[in-house]
Amino acid sequence: MKLMQAFIIAFSMYSRIPMPKTTWNEENMKYAMCFFPAIGVVIGVLQYLIGQVLLESNCGTLFFAAVMTLLPLFVSGGIHMDGFMDTMDALGSYGDKEKKLAILKDSHSGAFAILGLGCYLVWSLGVWSEVRADMLGVISCGYVLSRTLSGYSVVTFPSARENGLAKTFKEQAAEKTVRVTMVFYLCAAGAGMLWFDLAKAVGVLAMAGIVFGHYWHICKVQFGGVTGDLAGYFLQMCELAMVTGVLAVGYFI
């Protein structure tokens, strides 16, 4: 029963998929992060199936790219993109750690958030317009991998402040269990990619590793730890980088 409550909390928080009501208490939230990558499973399956249908129907390239770009945002409700935009504003301020953290808490979107969102969507449309059917399997597994690494960082990286969403989930999570679960998801996502296509999987895993290293660096150096917004920023950057990596490898095969 506790696991079901944790499942509901994870999907209620990080997706727009309808869920029954449940009590958000310490006991129910202990394993909620364990189900965070499961949302990536849902998105990955939808991306794969809808993508295959669209490509087989010979729809327009721009329409295909738009659907593939927007579908993850519709399922997640844009919660991670909100973190991406807040982080773009904070990084663009070139202020000290305290100023950057204050910007992350500001509900208003500044110029760097808008510019960052625009560049993100344009690049996403560009890379998705070049994606072929044989690339969809590896890309779909990436939605699990991005959430696995994001969830792992929340319970492993030091927290940037004493309150906030990331701090709440970290304090109430069964950290050891969450870490072990994330390792399982990581292995499953990696195995799925390798099963679909070895070369493209290597490209995706390399890009995810590079982005994760960048994420760890800015958390440590510029913010003093992780926040929910930074975790969302990483997730969005990781997913875009992985599609780019698959495309880059695909050009040479």
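Some housekeeping next. This is a predicted model, so local features need pLDDT of at least 70 and side-chain atom pairs count only at pLDDT 80 or more, while totals for chains, interfaces and linings use all residues. Residues are numbered from 1 along each chain as its sequence is written, and side-chain values use heavy atoms, with hydrogens and water left out.

Back to the rings. Rings of Phe, Tyr and Trp (for Trp, its six-membered ring) pair if their centres lie within 6.5 Å; planes under 30 degrees apart are stacked, over 60 edge-to-face, and the rest tilted. The structure has 14 aromatic pairs. In one of them, the centres of Phe 212 and Tyr 215 are 6.0 Å apart and the planes are at 65 degrees, so this pair is edge-to-face. Both sit in helix α11 (residues 198-223), three residues apart, which puts about one helical turn between them. Helices here are DSSP runs (H or I, at least four residues), numbered from the N terminus. Phe 212 is buried as well, at 18%.

Phe 212 also has an edge-to-face pair with Phe 234, with 5.6 Å centre to centre and 80 degrees between the planes. Phe 234 belongs to helix α12 (residues 228-251), so this pair ties together parts 22 residues apart in sequence. Phe 234 is buried, with a relative accessible area of 0%.

Now for the charges. A salt bridge is a side-chain nitrogen of Lys or Arg within 4 Å of a carboxyl oxygen of Asp or Glu, and the structure holds four. Which residue forms a salt bridge with Arg 147? That is Glu 239, with the closest N and O atoms 2.6 Å apart. Glu 239 is in helix α12 and Arg 147 in helix α8, so the pair ties together parts 92 residues apart in sequence. Glu 239 is buried at 8%, and Arg 147 is buried at 1%.

Then there is Asp 134, which is partly exposed at 40%. Asp 134 forms a salt bridge with Arg 132, at 3.0 Å between the closest N and O atoms, and Arg 132 is partly exposed at 35%. Asp 134 also meets Lys 200 in a salt bridge, at 3.3 Å from N to O. Lys 200 lies in helix α11 and Asp 134 in the loop between α7 and α8 (136-156), so the pair ties together parts 66 residues apart in sequence. Lys 200 counts as buried, at 2%. With Asp 197 included, Arg 132, Asp 134, Asp 197 and Lys 200 are linked in a network of salt bridges.

One last stop, on the helix α3 side. Val 45 is found in helix α3 (residues 36-56). With a relative accessible area of 43%, Val 45 is partly exposed.

How values were computed
Helix = DSSP H or I, 4+ residues; strand = E, 2+ residues; numbered from the N terminus. Buried < 20%, exposed > 50% of the residue type's maximum accessible area, 1.4 Å probe, protein only.
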